[in-house]
Amino acid sequence: MSKNYMTLAISDARLARAQHLLVDLDGTLVRQQEAIAGAVELLAHFDGRYAIVSNNSTHTASGLAQRLRRLGLRVPVERIVLAGEQAVRQLVLECPGARVMMVASPALQRYARTLGCQLVRSDADFVLLALDMRFDHARLALAANELRRGARLVASNADLTHPGTHGRVVPETGALLAALVAASGVQPLRITGKPAPLLFEEGLHRLNARAEDTVVVGDNPLTDAEGAQRLGMACVLVGTAPGAVAPSVAGLFAAPAGSAEAPDALSQYRLSDSTSKVWRSVRTEVS
Ligand SMILES: [Mg+2]
């Protein structure tokens, strides 16, 4: 079945013309332990011309590439740009030698050490928060008191949840961030992930691509569409969010000849100024 897509054209005009693709991961290409319909085919269509740009902060790019391979998606490590890794890189580049308390996955902490980051449990200059599946009251207390003592807070991303299986949600870094802000009274100095421009800029850099030749495909208006708009890139939304042009990336391909016509709703989606303002205000409320 999946091979049929290889012979199909992209139905969305802007996406069909795009030279490069920046594509979201969770909810767009994968959902928990499976690839979403059309994901393999979308990456095949943009082979050599795409980068994955994700607010994932638990994995490293190499660990994620292995996981994706098990799901049937063969993605070169250098084409994976992740909020967790980029938050670490950003901090190490800007403040080399800083003492950093990480509230993050073991994989991300190992990655930080490979970059020479000095990880500490007290007297930190920074608390770096990413998605930590072992987050608990003790860890919250440790980090909150470091912040109250004077450490500065940086976070990988502010997503409250990401899609799980059977309609469930998986609590994300933003939910942990809300707890940490509530307990410490300290606001984050910086949030690296989408919709901030850094991940998209890094994706464009790795592709040697220009924003005007690149289309973003994602499922989240608040991160994917908002972030694309900030850099002047077109965004095609899929899934169930307002403005989505198809339920999944499979819907971005034209129907085969002889079958029913592809839905004409598959047109390029762009945030209007007024819509964007509404989403910004919603985001302020939830974060
Ligand atoms: Mg997503």
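Predicted model: local features only at pLDDT ≥ 70, side-chain atom pairs only at ≥ 80, totals over all residues.
Two residues count as in contact here if their C-beta atoms, placed from the backbone, lie within 7 Å. Leaving out neighbours within four places in sequence, V238 touches T28, V217, D219, A244, V245, A246, P247, S248, V249 and G251.

Where does V238 sit? You'll find V238 in the loop between β14 (234-237) and α11 (273-286). Is V238 buried or exposed? A residue is buried if 20 or more other C-beta atoms lie within 10 Å of its own. V238 has 27 C-beta neighbours inside 10 Å, so it counts as buried. One of its contacts is S248: the two are ten residues apart along the chain, and their C-alpha atoms are separated by 5.3 Å.

## The open sheet

Now for the strands. Five of them make up an open sheet, and going across you meet β7-β6-β8-β9-β12, with parallel pairing. At the edges are β7 (118-119) and β12 (190-191), each of which pairs on one side only.

Take a look at β6 (residues 99-103) and β8 (residues 126-129): they run parallel and are joined by four bridges. Across from V103 you'll see L129 in β8.

## Helices lying across the strands

Helix α6 lies across β6 and β7, and its direction is at about 160° to β6. Helix α8 (residues 173-184) lies across β8 and β9 (152-155), running at about 145° to β8.

## A pair of helices

Helix α6 (residues 106-114) also meets helix α5 (residues 83-94): their axes come within 10 Å and cross at roughly 30°. Angles under 35 degrees count as roughly parallel, and α5 and α6 are therefore roughly parallel to each other. Their crossing is right-handed.

Which residues make the contact? From α5 come G84, E85 and V88, while α6 brings L108, Y111 and A112. By type, the residues of this contact of α5 with α6 split into four nonpolar, one polar and one charged.

## A mostly covered helix

How many of the ten residues of α10 are buried? Eight are, making helix α10 (residues 221-230) mostly covered. The buried ones in α10 are P221, T223, D224, A225, E226, G227, A228 and Q229. After α10 comes G232, which has a positive phi, near 75°.

Conventions:
Residues numbered from 1 in each chain as written. Axes fitted to C-alpha atoms, helices over the stretch in contact; angles between N-to-C directions. Helix = DSSP H or I, 4+ residues; strand = E, 2+ residues; numbered from the N terminus. Parallel < 35°, antiparallel > 145°, perpendicular 65-115°, else oblique. Left-handed = near helix turned anticlockwise from the far one by under 90°. Nonpolar A, V, L, I, M, F, W, Y, C, P; charged D, E, K, R; others polar. Pairing = 2+ DSSP bridges. Buried ≥ 20, exposed ≤ 12 C-beta atoms within 10 Å, placed from the backbone.
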